[in-house]
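Dear colleague,

I am handing over the structure we spoke about, and my notes on it follow below. Please keep it open beside you while you read.

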Amino acid sequence: MGSLSSILLYVLAAMLLILSAGRFLGLPIFFSLVVSGSMAPSIQPMDLAVFRRGNYSIGDVVIWCSSPMYCVAHRVFNISFEKGFLVTKGDANPIPDQPVLLSSVRGVLILVVPRYIWIPLILLPLTLYVVTNYRRLFSGSLWAMTPIYMILLYSLGSSIYIFLIPPSPVIIEGLSIPSVEARGAWISNSSLTAELSFKNTSIVSIDSCIYYYGNSSNACSPQLLGDRLLIEIPRDVWRDMNRLGISRIDLRIVASLEWGAKLYSWNYTAFHSFEMLNISARDGVVRIYNPNPGCVDTNITAMMAERAGEPWRELRISRCLEPGEVVEIDLRGYGYAFIRIEYVLIGSKQIIQREVIRDHKPVS
Amino acid sequence: MIMAIASTASLLLSSVLIIIYLTTPIYILRGDANGYIGFTGYYLEAFGERLRSPVLDSLRIYTAPIYISSSVALITSALSIAKYIRRRGFSIHMLAMLQGSAGILVISIGILAALSQIVERVLSVVASSYSHESSAGRIIYGGTDVYEAIPWILRLLISQLPYASLLMLTAILLIYSFKKETAVKI
């Protein structure tokens, strides 16, 4: 019984040795131990994959080796026979592998022996051997040393194998670093809007918000509307900007994001072009409209006379025209009327003079 | 005799420690990345996503020879101690087997050191700073704290005990063979 189990063990060991070295020896059939889960669920780690040399096509699982020790068994994703390379991909991998030469392919998968089948198949005769040779193993005969030195050789072989594996890049699957991108900033109505896009995160709170114009800066409290930050710019700021000839606003925020992260923003820049006052005179009525988001300092002087040669009467209005405000000056009933409007637009003085009524008739 | 007992006990202890070292987490991560990394298992997550590392998956297989060799060393040393208690002595074959087991463990320590390097490479990626710059600004993350789950004294014992056992057993066998040769001459 003992000798039979010994013979069986040695035959099995020799077969395993030859088949496992088959890919180097050029045998038509060989096997390889699967060490990673890149082909899961079809091939699991520790499964034995049996390969044959021969033709293959897209969809087949092939084994290719980049060095004598480093081999990969993945499914064929694309083949270019003309250019002489193929691309493989692990079933569980999100992206295909780098293209490899067709000559590096060693074989095509024909059979997978699951780990729960081959491991007991190996362990069974081994256990049988140990049980039947127990006395000899521990009785002090030379046989006792055999398993120890077999394992010693195995350990040596494994260490050589591990040291020969080329260093592969460390790939971490599933890692998605939350991030924020800026989409743009613009001014609409009297507000500054900054749009952001979020990947796997969102703003928890705004810790600080400052906007700059010229040499001035103001704190702000933005409203968060979805992916947009809305900052109401006070009218006084618009007035200042117009007076000083500034058309640019820079916004900077510090925000707390999810996952305990902080966003220290760059400058989100928005430009605003101040518009000229909208002035119209129709049927002796002068209309002045401010289309800007801030009030515009305006001096209006109307000069009226009933008849030619009479001294001019003057009407002076000096005020800051509110955004969207319309001022109407009714000059009907006068024989002659002029209007002079002075206002500041982006730091420079604008003067508009217009004859409104001549000889009791409106001037178009 | 004391040297033989000490070397056997040291072999037994080192094989037990290696098995513990292989089966327990070696690094614990807290912060942006959370979880643990061990030779035979790992659990990592970052930003609510489970992380997978093909390198760490392969590690499980690469530790197989170390498991086998430390189990062999464990069984050999335990049986030797049991036999010693029963018969009050060590046979030369037992000592030779113990020496072989210690030799295997020394090789395993080398493999373990290589595998530790792989673990540390993965760790350096997972526990690196995720802070970055984007078009929105500078995004600063809190970082990941890495804790060693195995005390340094245990690591030191794991790396040194097999060498000590091997040296002592080799010395015993040398002394034994010298004595035997002298006896033959006499």
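At what angle do the axes of helix α3 (residues 64-87) of chain B and helix α4 (residues 92-126) of chain B cross? Before the answer, please keep in mind that this is a predicted model. The two axes cross at roughly 150 degrees, and they come within 9 Å of each other. Since angles over 145 degrees count as roughly antiparallel, α3(B) is therefore described as roughly antiparallel to α4(B). The crossing in which α3(B) passes α4(B) is left-handed.

On the side of α3(B), the contact is made by B:Ile66, B:Ser69, B:Ser70, B:Val72, B:Ala73, B:Thr76, B:Ser77, B:Ser80 and B:Lys83, while α4(B) contributes residues including B:Met94, B:Met97, B:Leu98, B:Ile104 and B:Leu115. Sorted by class, the residues of this contact are 11 nonpolar, seven polar and one charged.

Helix α3(B) also packs with helix α2 (residues 54-62) of chain B, and here the axes are 5 Å apart, at an angle of about 30 degrees. Because angles under 35 degrees count as roughly parallel, α2(B) and α3(B) are roughly parallel to each other. The residues that meet are B:Arg60, B:Ile61 and B:Tyr62 in α2(B) and B:Ala64, B:Pro65 and B:Ile66 in α3(B). The contact of α2(B) with α3(B) holds five nonpolar residues and one charged residue, with no polar ones.

I also looked at one residue of a strand in chain B, namely B:Leu44, which lies in strand β3 (residues 42-46). Is B:Leu44 buried or exposed? Its relative accessible area is 1%, and buried means under 20%, so B:Leu44 counts as buried. Leaving aside neighbours within four places in sequence, B:Leu44 is in contact with B:Leu29, B:Asn34, B:Tyr36, B:Ile37, B:Glu49, B:Arg50, B:Leu51, B:Leu56 and B:Val126. The C-alpha atom of B:Leu44 is separated by 9.5 Å from that of B:Ile28, which is 16 residues away along the chain.

Finally, some totals for chain A, which contains six helices and 24 strands. Of the 364 residues in chain A, 40% are buried.

With kind regards

How values were computed
Residues numbered from 1 in each chain as written. Chains lettered and ligands numbered in written order. Predicted model: local features only at pLDDT ≥ 70, side-chain atom pairs only at ≥ 80, totals over all residues. Heavy atoms only, no water. Axes fitted to C-alpha atoms, helices over the stretch in contact; angles between N-to-C directions. Helix = DSSP H or I, 4+ residues; strand = E, 2+ residues; numbered from the N terminus. Parallel < 35°, antiparallel > 145°, perpendicular 65-115°, else oblique. Left-handed = near helix turned anticlockwise from the far one by under 90°. Contact = heavy atoms within 4.5 Å. Nonpolar A, V, L, I, M, F, W, Y, C, P; charged D, E, K, R; others polar. Buried < 20%, exposed > 50% of the residue type's maximum accessible area, 1.4 Å probe, protein only.
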